[in-house]
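Please work through the following exercises with the sequence and the model open beside you. Each task is followed by a solution that goes step by step.

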Amino acid sequence: MKIINDKDCYVQREDIEYIIDNSKSVPSELLFELNMSILGEKDFIKIANPIAKRFILKSPIPSFDELSSYSISKLEEMIMKIKLSIFDSDDLIDEEIDDINAIILERRNREYLLRQIKEILSFKRKTTKLIYPNIPNPNYISLTDGDLVASHSLNFGKILVYSTNGNIVDGENNREFLDVAYQLLMHDFDSAQDINLTMNTDGKYLVLENINHISLRKKYFNNTRQ
């Protein structure tokens, strides 16, 4: 899926490969972005080239903002409908029809959309295995003191803090705001009683995460893999 944050555009590598395989013409700039991304290990690629970005924005790649706005029950309903439509297409393929390639392409599109919806469902259930860009989650409120803004990251368990004037956030001089903002925003999410914040800079954001929460999450994922 594609994620738009301010002027930045992020997209999964799978999306680019899908567009390349199913489009009549793809700008060379997008192919270059894909080749460069192979050098990294991130699940989402930040598209920097303006031509490649415009192509992605106009493409049929599902939007994170749109899919994440649906409730879990709505997403489950969408999944069921797509599965039924794929089953119906199997019946059509068995018949003698002229435009078999069109039906195969349509089925491929539905299977692709199905994977996207399943991923956003995992995201909303906080069971996703993907690492999302560290950008604010539009589905949660932010806190501000006028100079600093604190928001939930798309990555569960992390809080992002940035300055309204574009300055790098000083963690030590703003410790009181950071502590209060983390506790307020993570009140319903962080089950660890003791909060020991770790701070890392990612672009313009200061990323806050509870060391004790990290341990709990690692224990959870280790148990789910067994």
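Residues are numbered from 1 along each chain as its sequence is written, and side-chain values use heavy atoms, with hydrogens and water left out. This is a predicted model, in which local features need pLDDT of at least 70 and side-chain atom pairs count only at pLDDT 80 or more, while totals for chains, interfaces and linings use all residues.

**Exercise 1. Determine which elements of the protein have the lowest and the highest mean pLDDT.**

Solution. Begin with the protein as a whole, whose mean pLDDT (the predictor's confidence in each residue, from 0 to 100) is 84, with 84% of the residues reaching 70 or more. Finally, pLDDT stays under 50 over residues 216-226.

**Exercise 2. Describe how helix 1 and helix 6 pack.**

Solution. Two packed helices are described by the angle between their axes and the distance between the axes. Here helix 1 (residues 13-22) and helix 6 (residues 100-124) pack at about 170 degrees with axes 12 Å apart, the axes being lines fitted to C-alpha atoms over the stretch in contact and the angles running from 0 to 180 degrees between N-to-C directions. The two helices are therefore roughly antiparallel, a term for angles over 145 degrees. The contact (heavy atoms within 4.5 Å) involves, among others, Tyr18 of helix 1 and Tyr112 of helix 6.

**Exercise 3. Work out which way the residues of strand 5 point and which strands pair with strand 5.**

Solution. In a regular strand the side chains alternate between the two faces of the sheet. Leu148, Ala150 and His152 point one way from strand 5, and Val149 and Ser151 the other way, yet all are buried, that is, under 20% relative accessible area with a 1.4 Å probe and protein chains only. Next, strand 4 (residues 143-144) runs antiparallel to strand 5 and is joined to it by two bridges, pairing being defined by at least two DSSP bridges; Thr144 has Val149 as its bridge partner. On strand 6 (residues 158-163), antiparallel pairing with strand 5 covers five bridges, and Ala150 stands opposite Val161. Gly157, in the turn of this second hairpin, has a positive phi of about 95 degrees.

Notes: Helices (H or I, at least four residues) and strands (E, at least two) are DSSP runs, numbered from the N terminus. Angles under 35 degrees count as roughly parallel, over 145 as roughly antiparallel, 65 to 115 as roughly perpendicular and the rest as oblique. Buried means under 20% relative accessible area, exposed over 50%, partly exposed in between (1.4 Å probe, protein chains only).
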